[in-house]
Amino acid sequence: MESTLERPAGRIFLAEDDEGQREELQYALEREGYQVFLAEDFGQLAQEAERFAPDLILLDIQLPGGDGLAACRQIRSRSDIPVIFITGRGSSMDELTGLTSGADDYITKPCCVPVVMARIRAVLLRSGKKEELHTLTAGGCTLNILDATVTARGTALLTRTELRILYLLFLHSGRIVSRQELLDGLWDDHIYIDDNTLSVNIARIREKLKDIGAAELIRTRRGQGYELCV
């Protein structure tokens, strides 16, 4: 009979530039029975991952000489290998960017190794159900992060800014999201949204929701912000 050591639990490709974290993760993964392959060239991550043919990829976003987000998009264009980001970038918008790049999960550092192991097992088990991992539901509507669509009795295509606004509202459904929270969440290195532009985008989203039979999904709380009618 084969021993468990001769039958790996799975093949993991690990792209992490911090030596301490890389060694800790590698040790934990190998103890769980995984076969671990370490990235050698951060500028060629997609090609390296393809060569090792792993069952799952653990990927940092900020890598010397490499871009984890771009690598994830490349990997996703070539295969359905599950990708989990492990990164120090922890805002809601960072997570959305990671998921829209095609990742299956997003873990923020510092992270507990047993939790990472549990998330790996969960993603491997669910890897055939990607649709479920990239949707949020509220008020009879479904927001699909990968497709940038919102669906009720019909489906509407969203712009990048509209998707970000709805993502924050869906993520915090059941409570009021202030205008300042939305403005803070929408700002990054490439886009700046002022208060007037936010109002314009909310109005456009409402028009699209009306067209798909969900005109009352977003409720304005005067002087406070917006909430979803769940």
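Modeller: Rings of Phe, Tyr and Trp (its six-membered ring) count as a pair if their centres lie within 6.5 Å; planes under 30 degrees apart are stacked, over 60 edge-to-face, and the rest tilted. By that rule, a search of the whole structure finds three aromatic pairs. The model is predicted, so local features need pLDDT of at least 70 and side-chain atom pairs count only at pLDDT 80 or more, while totals for chains, interfaces and linings use all residues. Residues are numbered from 1 along each chain as its sequence is written, and side-chain values use heavy atoms, with hydrogens and water left out.

Colleague: Why is the pair of F13 and F52 called tilted?

Modeller: The ring centres of F13 and F52 are 5.9 Å apart and the planes meet at 35°, so the pair falls in the tilted class. F13 is in strand 1 (residues 10-15) and F52 in helix 2 (residues 45-52), 39 residues apart. Ring pairs also join F13, F37 and F52 into a cluster.

Colleague: What makes F13 and F52 buried or exposed?

Modeller: Buried means under 20% relative accessible area, exposed over 50%, and partly exposed in between (1.4 Å probe, protein chains only). F13 has 1% relative accessibility and so counts as buried; F52, with 14%, is buried too.

Colleague: What makes the pair of F85 and Y106 edge-to-face?

Modeller: The angle between the planes of F85 and Y106 is 65°, with 6.2 Å centre to centre. F85 lies in strand 6 (residues 83-87) and Y106 in strand 7 (residues 105-108), so the pair ties together parts 21 residues apart in sequence.

Colleague: Why does D60 count as buried?

Modeller: Its relative accessibility is 5%, so D60 counts as buried. D60 sits in the loop between strand 3 (56-59) and strand 4 (62-63). The unreviewed UniProt entry places "modified residue: 4-aspartylphosphate" at D60; such annotations may be inferred rather than shown by experiment. Beyond four places in sequence, D60 is in contact (heavy atoms within 4.5 Å) with residues including D17, F85, T87 and K109.

Colleague: Why is helix 7 described as largely enclosed?

Modeller: Ten of its twelve residues are buried, so helix 7 is largely enclosed by the rest of the structure. Among them are E162, R164 and L166.

Terms used: Helix = DSSP H or I, 4+ residues; strand = E, 2+ residues; numbered from the N terminus.
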